[in-house]
Amino acid sequence: MKKIYFTLLITFTIWGARLPSFRIPGIGNIYLIRALVIATIIYMFFALAKRKKIVFTKMQKTTGIFLFVTVIWSTLCFAWAPSNESYIASMFTYLTSFAILIITMQFIKEKEILNFCEKVFLLNVIVVLALAIYESFTGDYLILTYDSYMQQRNSLGLYKPLATFYNINNLGTFLALATPISCNAIFQFKKRKNICKFLFLMINTFVILLTNSRGALLAIIIFIILDFKNNFSTKKTILYGVILVITLLFFSTMLFESSLGELLTMDILEEGRIEIWKETLETISKYRFMGIGPGNTAYANLNSSHYKYTFGTPHNYFLEYLGDFGIICFAILIYWIYVLMKKSKYISLDTNKQWSYKAKNYYAYYIIFITLTICPSTMSTFQYLWLIFGFTIAMIDIYIREERNRKCQEQVNH
């Protein structure tokens with residue numbers, strides 16, 4: 001039953017608004033992920049109410065403080081938020097994301113379930129890759145009915161794929177961020193895991209090239225470098241490196257002279273983007289860095305006299321979070337991410353290869369996440385981020401529990 005539930009949770013989270021929904025007058029659309037989350041939170045409330053003693057792990061307590069402060073302060077921000085409509089829409093999205101995080105870290109208590117969740121995540125990624133490749137070669141967009149990027153051709157002469165993400169940067173960001181979790185799932189294969197991982201990385205990188213997303217390409221290159229450094233012996237690194245070079249040379253005309261060359265010669269930090277950040281900081285400063293309210297940084301930008309761009313999102317998630325929630329919540333977020341990275345790094349040093357590999361990939365996820373915060377226009381709607389945050393906490397708690405049990409067993413034996 002637990003496996004069925006997490007299959008639905010992960011699938012609903014990744015596909016989100018592209019799945020069927022039902023409309024409630026005066027409230028709006030209730031998507032499947034929100035319906036599932038609401039039902040789960042109600043169940044958790046009654047289940048916890050029956051317990052005489054509720055025990056939370058250290059990571060759960062830290063996360064609970066982060067979420068509590070964020071929700072309370074963002075609620076206060078409603079008093080001065082310039083757009084109530086933007087506030088409510090964004091608040092619903094964040095509350096759903098926070099609920100996904102709580103559910104994931106609360107219900108994944110066994111390594112077997114965590115491994116299963118990673119496999120389900122990989123399955124969804126494979127479906128997205130297949131859909132993206134089909135769209136790119138045929139120009140037939142199966143999910144989306146309209147988007148400004150539809151029918152646009154990339155530098156390879158193929159159509160830019162969108163899958164379900166409306167934006168090429170959003171698709172590229174998802175594929176890059178999904179890579180560490182997918183590799184964890186592939187590592188669980190009993191046979192040919194290295195070949196499967198190599199093929200996955202090749203296909204994933206190719207699709208990212210099709211999107212022409214520069215940030216996602218940089219992120220996937222960073223992951224491959226980290227993966228080769230951390231998980232392969234020198235001989236295997238040379239072997240796969242030679243195969244990669246031969247493959248790239250074979251496609252040199254198609255890749256280096258068009259897509260790859262174009263992507264790598266264009267600056268990630270465009271002058272215009274830096275100007276957007278400066279002007280966004282000016283907008284945030286008008287609210288004394290106390291938070292404009294969820295979803296209101298973009299609105300405040302567009303309604304500021306100094307802001308000269310036609311879109312309000314700052315293309316920098318940390319900057320947007322600072323603007324939406326204020327300096328206090330921003331500082332807590334940074335500390336929380338630091339703790340997750342520190343714990344993952346600690347577990348990666350374990351002599352157990354399974355734990356070490358898993359933790360190295362979660363640590364790599366945060367490196368990629370930080371890199372990609374300047375890639376899409378906004379990350380506030382990316383609810384799968386919080387799903388992976390929950391996976392990280394579950395991994396940390398399961399590892400600590402196993403270590404504690406192992407030490408207790410050693411004391412008993414002695």
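Tutor: Since 19 of the 20 residues of H6 are buried (under 20% relative accessible area, with a 1.4 Å probe and protein chains only), the helix is largely enclosed by the rest of the structure. Helices here are DSSP runs of H or I of at least four residues, numbered from the N terminus. This is a predicted model, in which local features need pLDDT of at least 70, side-chain atom pairs count only at pLDDT 80 or more, and totals for chains, interfaces and linings use all residues. Residues are numbered from 1 along each chain as its sequence is written, and side-chain values use heavy atoms, leaving out hydrogens and water.

Student: Where is the kink in H6?
Tutor: It lies at Thr179, shortly before the proline Pro180, and is about 40°. The bend is the angle between axes fitted to the seven residues ending there and the seven starting there.

Student: New topic: how many aromatic pairs are there?
Tutor: The count is 32, for rings of Phe, Tyr and Trp (its six-membered ring) with centres within 6.5 Å; planes under 30 degrees apart are stacked, over 60 edge-to-face and the rest tilted. One of them is edge-to-face: the rings of Tyr365 and Tyr366 have centres 4.9 Å apart and planes at 80°.

Student: And which pair do Tyr365 and Phe369 form, stacked or edge-to-face?
Tutor: That pair is stacked, 6.4 Å centre to centre with 20° between the planes. Both residues lie in helix H14 (residues 353–372), four residues apart, about one turn of the helix.

Student: Is Phe369 buried or exposed?
Tutor: Phe369 is buried, because its relative accessible area is 2%.

Methods. Helix = DSSP H or I, 4+ residues; strand = E, 2+ residues; numbered from the N terminus. Buried < 20%, exposed > 50% of the residue type's maximum accessible area, 1.4 Å probe, protein only.
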